[in-house]
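Please look over the sequence and the structure before turning to the notes.

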Amino acid sequence: MPTSASPLAPRKITVLGAGAWGTAVAIALAARHEVLMWGRNGGAMQAMAHARENSAYLSGCAFPAGLQVTADFDTALAHVLDTPEAEAPLLIAACPVAGLRPLLMQLKPHAISHIVWLCKGFEGDTGLLPHQVVAEVLGDQVAGGALSGPSFAQEVARGLPCALTVASRSDMLRERVVSTVHGGNIRVYSCDDLVGVEVGGAVKNVLAIATGVADGLGLGLNARAALITRGLAEITRLGIALGGTPATFMGLTGMGDLILTCTGDLSRNRRVGLGLVQGKALDTIVAELGHVAEGVPCARAVRALAHKLGVDMPITNAVAGVLFDGGTPKAMLAQLLARDPRDELS
Ligand SMILES: NC(=O)C1=CN([C@@H]2O[C@H](COP(=O)(O)OP(=O)(O)OC[C@H]3O[C@@H](n4cnc5c(N)ncnc54)[C@H](O)[C@@H]3O)[C@@H](O)[C@H]2O)C=CC1
Ligand SMILES: O=C(CO)COP(=O)(O)O
């Protein structure tokens, strides 16, 4: 579907969440727009305002003049809510999946028209995708969309080129995101397959843990390519079972993000896999990361969901076995290799 690009004027954008990705997106958009980033930790936001960088989550990436920060939720919301809809303000939720429902509960009393989320995963307790959580909390009158794709925060914050996809069932929201975010070194594609985009973004994190394990064990490039490709097959099976469109999994938010996260050493999820092979405890690995690794809770949620739906997801099951059931990386490998042969395309 054709969409217009290049905004006519700077827009008002609020980013809720001040981790690595929220900060990178805020920095990138502040070159062209008036961005206000909210974080829940008052001390941290004050330090950011003073240093003009987010030293805890994205050090060395200076804030442009167009980026302001606050720890006051009402101020952050007023930045977009006090802007006429005709000026197309943009509200972005940049927290991890586990923080999405609490954040939406904070938003619920306010009259928001739309929301874009950046998180990738399934909600732990419910097994819901982010768009389902949004619909459950805010109802379906609020236009919602996921902005996803291969995009390491460190690279986006440094202004390196990337391509993203906005997925929404709302024409208005897709148009607003494209016309606001597309430009400079960021290309934004659009599609209406929310399920496919969200499943790809969620499950690739589990596969990145698997690839980290394989690379940590020194299994070689052939094994890595096999894992990525068969990983894509299992993402696609789950995505189709949930109502996604097959072609979506071949796109930026499927294959694109899978390749990036499985092969790029900037990936936190890949580093979880590497750490497991070094014999570190999961808690230690995550604490050392200092960031969320969505593939960890996602592995549990996807294993349960796939079991419920009768979808075969052997790599995810093997990862979950190592993460939660005391399996060893070598046992994970043996379990995968010992599987019966199967038709590649079934
Ligand atoms: N870092 C990256 O390169 C990318 C990350 N993502 C996704 O974006 C999401 C966020 O990731 P990062 O920012 O990298 O994580 P991070 O670990 O760097 O930061 C998470 C931030 O979220 C905050 N947070 C947690 N719960 C919250 C809540 N209830 N309300 C408000 N803030 C809350 C934390 O205080 C922290 O500031 C994840 O789902 C991740 O998969 C997507 C694309 C790229
Ligand atoms: O989603 C990402 C890149 O697109 C970031 O992946 P990690 O969370 O594994 O760092």
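Two residues are in contact if their C-beta atoms, placed from the backbone, lie within 7 Å. The model is predicted, so local features need pLDDT of at least 70 and side-chain atom pairs count only at pLDDT 80 or more, while totals for chains, interfaces and linings use all residues. Residues are numbered from 1 along each chain as its sequence is written, and chains are lettered from A and ligands numbered from 1 in the order in which they are written.

**Domains and their interface**

- The protein is divided into domain 1 (12-192) and domain 2 (202-337), with bounds that come from an automatic or database domain assignment.
- The centres of domain 1 and domain 2, taken over C-alpha atoms, are separated by 26 Å.
- Contacts link 20 residues of domain 1 with 20 residues of domain 2.
- On the side of domain 1 that touches domain 2, the elements giving two or more residues are helix H4 (97-107), strand E7 (162-168) and strand E8 (186-191); helices (H or I, at least four residues) and strands (E, at least two) are DSSP runs, numbered from the N terminus.
- E7 gives the most to this side of domain 1, with 3 residues.
- The side of domain 1 that touches domain 2 has 11 nonpolar, 8 polar and 1 charged residues, where Ala, Val, Leu, Ile, Met, Phe, Trp, Tyr, Cys and Pro count as nonpolar, Asp, Glu, Lys and Arg as charged, and the others, Gly among them, as polar.

**The nonpolar core**

- A nonpolar core is a set of buried Ala, Val, Leu, Ile, Met, Phe, Trp, Tyr and Cys residues joined through C-beta atoms within 7 Å.
- A residue is buried if 20 or more other C-beta atoms, placed from the backbone, lie within 10 Å of its own, exposed if 12 or fewer, and partly exposed in between.
- The largest nonpolar core has 109 residues, and Val25, Ile92 and Val302 have the most contacts inside it.
- Helix H8 (residues 194-216) gives the most to this core, with 13 residues.
- Domain 1 (12-192) and domain 2 (202-337) each supply at least three residues to this core.
- Leaving aside neighbours within four places in sequence, Val302 is in contact with Phe122, Val203, Val206, Leu238, Met313 and Thr316.

- Two strands pair if DSSP finds at least two bridges between them; strand E1 (residues 12-16) and E4 do so in the parallel sense over 4 bridges, with Val15 opposite Ile92.
- E4 also runs parallel to strand E5 (residues 114-117), joined by 2 bridges, and Ala93 stands opposite Trp117.
- E4, H4 and E5 make a right-handed β-α-β unit: with the strands pointing away from the viewer, the path from the first strand over the helix to the second runs clockwise.
- E7 and E8 run parallel and are joined by 6 bridges.
- E7, helix H7 (residues 171-181) and E8 make a right-handed β-α-β unit.

**Two residues of helix H9**

- Glu234 lies in helix H9 (residues 221-241) and counts as buried because it has 21 C-beta neighbours inside 10 Å.
- Leaving aside neighbours within four places in sequence, Glu234 is in contact with Met313, Ile315 and Thr316.
- Thr229 is also found in helix H9, but Thr229 is exposed because 12 other C-beta atoms lie within 10 Å.
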